[in-house]
Amino acid sequence: MRRQRGLTLALHMALLLGMLLVIGPFVYMVLTSLTTDNFSLPSPYKLMHSSKTIQNYIDAWNKNHFSRYFVNSIGISAVTMVLSLFLATLTAYGFARFSFPAKEPLFKLFLFSMFVPALLNIIPQFTILKTLHLVDTYPGLILLYAGTGVVGGTFFLRGFFERIPTELEESIVIDGGGKWTLYRSIYIPLSLPAIGTLGIFSFSGTWDEFIVALTLIKTESHRTLPIALQLFQGQYATYYGLFFAASMMALLPIILIFLIFQKQFVNPNMSEGSVKG
Amino acid sequence: MVKGLKQYWQVAPYLTLGFLLTCVFVLYPLAKGIYISFFDYKVIQPSLSEFVGFANYRQALTDPTVYTALWNTLLFAAVTVPGQWLLGVIAATLINIQLVRFKVFFRLIYYLPVISSWVVVSYLFKFLFADGHSGIINYLLTDILHIVPEPIAWLQNRWSANVVIWAVSVWKGIGWVMVMYLAALQSIPKSLYEAAQIDGAKGVSSFLNITLPLMRPMTVYVVINLIIGAFQAFIQVLLITRGGPLDSTHLMNTYLFKQAFEYFNFGYGTALSVMLGLLIFIFTYGQQRTFGRERLEY
């Protein structure tokens, strides 16, 4: 018993130590964002002892259309997430529960594209959107994000769908339900944890996306948050408090969403126990 | 034949949209990229582009910065892939032990860096590793721990700058590995362990004989993803060092980006990206073949 208590203590100490390393940089960021008049990086002494204020947050929110970019990013990320989830569940269902000629080669082709450096695809992608007259528009940006996300999402969900026992379909099939009904009333509800997880990936990926938004969006008022942050860093290079306040505000929505969704975080064994032999 | 067509007809409503978008935004750009790499490509007026055969590829072989970038890329993978994997697995294993409380809390904290914006954490680490005593890392190393006598000019030297880049990349990736393994660990049916316990196996031996073998598909998945991620790393280098000082910290990705978007050598840039793609393919091919085929079966 005593040995077990010692072990428990050691385990928690190890986890706490790791936690300090993980969270230390965030603590530094929060402290700096609450310290004003930092024309140089605040000394550790100043960080600990100067009075704290949220003035930097108010200033950052009102500077450089930051609030505007914030709203832009929320909208774009939300729409991209919904569209991506719709596409990924459909495509994954197609691969999981249908048989058709050349299915696996097609899937391999899909996978292959995941191994290709995405960076220089930007040039051809740009020309395509130009032909469609979608450069510098939100639909163009969202289509590009959703389009490049299909493969990853499909790969992620296919496994989950295939692990759902086909016995579950029987009652629906007996009632005369088709594939579409199965997709809606079995595969989507039973995969909610996986879909939620994918949703978080999608949202935070879009929220964070930098290079495509930089090349595609020209109109100043259409910009997204990562670009706003980069501009902040360039323009107010020595206002560290201001920059970190802006950064904190950029992080918060993602952390919130994660907190809301996290109870449903990937648990591939959701369907276990729903069929009793 | 007829049966095949009928099957396509049935699956079409589910696959068409996703397939179309993938073709338009992923596969076609990929093919176009390979095509561009054989040209002296003029992005303003593509019709003036000149076919140059393998000239872009030959240029890459004689470009000393390519070798620096390649070396940095390989080192980056060699450091960050095992680093993230090992620390992530340790975190997952510890959190999954029955004795540990506040599991949800620990998982949440360790996952924070993963969901944080790359732009934010890149700048954050740039400031953490700032020169002189005002950089908090320097302050810790010199004034608190007395490990180094003088503050290090982290971003002014190739190797110390690489250390900063590796540090942020490992730090940010641990949580992802942890979450993947936690999910896999929790999906192992308890009945397996109970059965093993009846047969007299517990603790370490059930870990070795049940947990590890069942983790194999997850390990393949995680490691492949880490390797791909490492070879595609980009934004942290762009924002922390911009490839400097003197082009010494470039990865293949940042260097090809510089060629394409600063010098407008799109042909050369795409040639470099094709080479990087081949490199990724070579490094993941062995595992790729088992990829997707291996599934957890109980």
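Helices here are DSSP runs of H or I with at least four residues, strands are runs of E with at least two, and both are numbered from the N terminus.

A quick note on conventions: residues count from 1 along each chain as its sequence is written, and chains are lettered from A and ligands numbered from 1 in the order in which they are written. Since the model is predicted, local features need pLDDT of at least 70 and side-chain atom pairs count only at pLDDT 80 or more, while totals for chains, interfaces and linings use all residues.

- For the classes, Ala, Val, Leu, Ile, Met, Phe, Trp, Tyr, Cys and Pro are nonpolar, Asp, Glu, Lys and Arg are charged, and the others, Gly among them, are polar.

**H7(A) against H1(B)**

- Helix H7 of chain A (residues 138–163) packs on H1(B) at about 115°, with the axes 8 Å apart. Axes are lines fitted to C-alpha atoms, for helices over the stretch in contact, and angles run from 0 to 180 degrees between N-to-C directions.
- On the H7(A) side you'll find Leu144(A), Ala146(A), Gly147(A), Thr148(A), Val150(A), Val151(A) and Thr154(A), which meet Gly18(B), Leu21(B), Thr22(B), Val24(B), Phe25(B) and Val26(B) of H1(B).
- That contact between H7(A) and H1(B) sorts into eight nonpolar, five polar and no charged residues.

**Chain B on its own**

- Chain B has 12 helices and two strands, in the order α-β-β-α-α-α-α-α-α-α-α-α-α-α from the N terminus.
- Its C-alpha trace spans about 80 × 75 × 30 Å along the principal axes.
- Of the 298 residues in chain B, 40% are buried; buried means 20 or more other C-beta atoms within 10 Å of the residue's own, exposed means 12 or fewer, and partly exposed is in between, with C-beta atoms placed from the backbone.
- H7(B) and helix H9 of chain B (residues 204–231) pack at about 140°, with axes 10 Å apart.
- H7(B) and H9(B) are therefore oblique (under 35 degrees is roughly parallel, over 145 roughly antiparallel, 65 to 115 roughly perpendicular, and the rest oblique).
- The crossing of H7(B) and H9(B) is right-handed, and its contact residues include Val177(B) and Tyr181(B) of H7(B) and Met215(B) and Val222(B) of H9(B).

**Chain A on its own**

- Chain A comes to 13 helices and zero strands.
- The radius of gyration of chain A is 24 Å, well over the 19 Å from the globule rule for 277 residues, so chain A is more spread out than a compact globule. The radius is taken over C-alpha atoms, and the rule is 2.2 Å times the number of residues to the power 0.38.
- The C-alpha trace of chain A spans about 70 × 70 × 35 Å along its principal axes.
- Buried residues account for 42% of the 277 in chain A.

Terms used: A crossing is left-handed if the near helix is turned anticlockwise from the far one by less than a right angle, and right-handed if clockwise. Two residues are in contact if their C-beta atoms, placed from the backbone, lie within 7 Å.
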